[in-house]
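Please look over the sequence and the 3D view first, and then follow the points below, which are grouped by topic.

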Amino acid sequence: MTAQKLSIVKAINASLRTALENDPKVLVMGEDVGKLGGVFRVTDGLQKDFGEDRVIDTPLAESGIVGTAIGLALRGYRPVVEIQFDGFVFPAYDQIVTQLAKMHARALGKIKLPVVIRIPYGGAIGAVEHHSESPETLFAHVAGLKVVSPSNASDAYWMLQQAIQSDDPVIYFEPKRRYHDKSELDTEAIPAPLHAARVARPGTDLTLAAYGPMVKTCLEAAAAAEEEGKSLEVLDLRSMSPVDFDAIQASVERTRRLVVVHEAPVFLGTGAEIAARITERCFYHLEAPVLRVGGYHAPYPPSRLEDEYLPGLDRVLDAVDRALAY
């Protein structure tokens with residue numbers, strides 16, 4: 001496979017397949033990842049082709065899954081763990097933050113834990129409670145973890161390859177509302193660095209910075225704003241820890257305005273750190289305060305109300321208008 005159009009689901013599947021083919025120490029494990037192929041069919045066909053010893057159906061026990069992955073990594077394997085839904089990760093949170101994130105420092109660098117934890121996240125799929133969370137900041141706050149999220153098929157493939165090859169643990173958030181969005185993937189391309197932001201659409205009047213599921217929303221907002229004569233730059237952050245502040249700064253120095261967009265609550269979200277840091281770095285370039293658009297500081301609502309909770313085109317464009325009014 002070289003260049004073709006694939007959905008994010010198919011790109012992740014292809015990436016896992018490539019990793020399993022290239023390295024016998026790579027394992028895939030999680031609830032229903034084997035015979036079923038995952039609830040979203042991300043791992044479809046992998047157990048059939050690589051066997052039950054490498055694509056492992058686990059018990060319904062997230063803490064046990066991650067704890068087992070840590071033990072396997074200590075023995076030289078590279079486990080790729082699937083947490084079935086975002087809200088299911090919390091039983092494993094203790095293992096992730098007290099063991100997985102800290103083992104390297106605890107051992108003074110002598111131990112590496114190359115574990116990838118895949119988490120489908122975000123809303124807009126009409127699901128029940130615990131199936132539409134955006135907990136990325138809870139992991140970005142923890143030193144020792146890398147936290148990333150692709151927004152398209154190419155990044156879904158390449159960022160997962162880079163995460164699996166990393167000797168440090170990576171939390172890989174998959175935007176499930178975008179699973180079936182198709183875009184170009186070239187499996188022979190040279191990928192960007194894992195934590196580098198990219199300009200998804202150039203512009204001159206304002207920067208929209210987003211990651212994962214909100215990149216598409218910001219691109220739609222930029223297209224709508226163009227009809228009114230406004231030129232918006234869309235910056236795909238790709239990584240929440242570390243954040244590519246240099247790329248954000250470079251964009252803001254061009255556009256002089258910044259709106260940060262994510263599904264997660266605005267309160268203490270990724271946008272809060274970006275707003276603070278860019279205000280410090282770009283104080284004399286900014287012509288408006290850095291604004292944030294995100295979810296509300298409230299439990300995720302029932303699916304019939306999620307359109308009111310999630311940031312959409314109107315809320316993004318409202319923030320754009322407020323920033324440009326200064």
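The model described here is predicted.

**Helix H7**

- Helix H7 covers residues 153-165, which makes 13 residues, and its span of 19 Å from first to last C-alpha is close to the 18 Å expected at 1.5 Å a residue.
- The helix is mostly covered, with 11 of its 13 residues buried, and among these buried residues are Tyr 157, Trp 158, Met 159 and Leu 160.

**The sheet**

- Seven strands make up an open sheet with mixed pairing, and their order is S3-S2-S4-S5-S7-S6-S12.
- The edges are formed by strand S3 (55-57) and strand S12 (239-241), each of which pairs on one side only.
- On average, and with direction ignored, neighbouring strands of this sheet are turned by 20° against each other.
- Strand S2 (residues 26-30) runs parallel to S3 and is joined to it by three bridges, and Val 28 has Val 55 as its bridge partner in S3.

**Helices against the sheet**

- Helix H1 (residues 8-22) lies across S2, S3, S4, S5 and S7, and it runs at about 135° to S2.
- Helix H7 also packs on the sheet, where it touches S2, S4, S5, S6 and S7, and its direction makes about 165° with that of S7.

Technical notes
Residues numbered from 1 in each chain as written. Predicted model: local features only at pLDDT ≥ 70, side-chain atom pairs only at ≥ 80, totals over all residues. Heavy atoms only, no water. Helix = DSSP H or I, 4+ residues; strand = E, 2+ residues; numbered from the N terminus. Expected span 1.5 Å × (residues − 1). Buried < 20%, exposed > 50% of the residue type's maximum accessible area, 1.4 Å probe, protein only. Pairing = 2+ DSSP bridges. Axes fitted to C-alpha atoms, helices over the stretch in contact; angles between N-to-C directions. Contact = heavy atoms within 4.5 Å.
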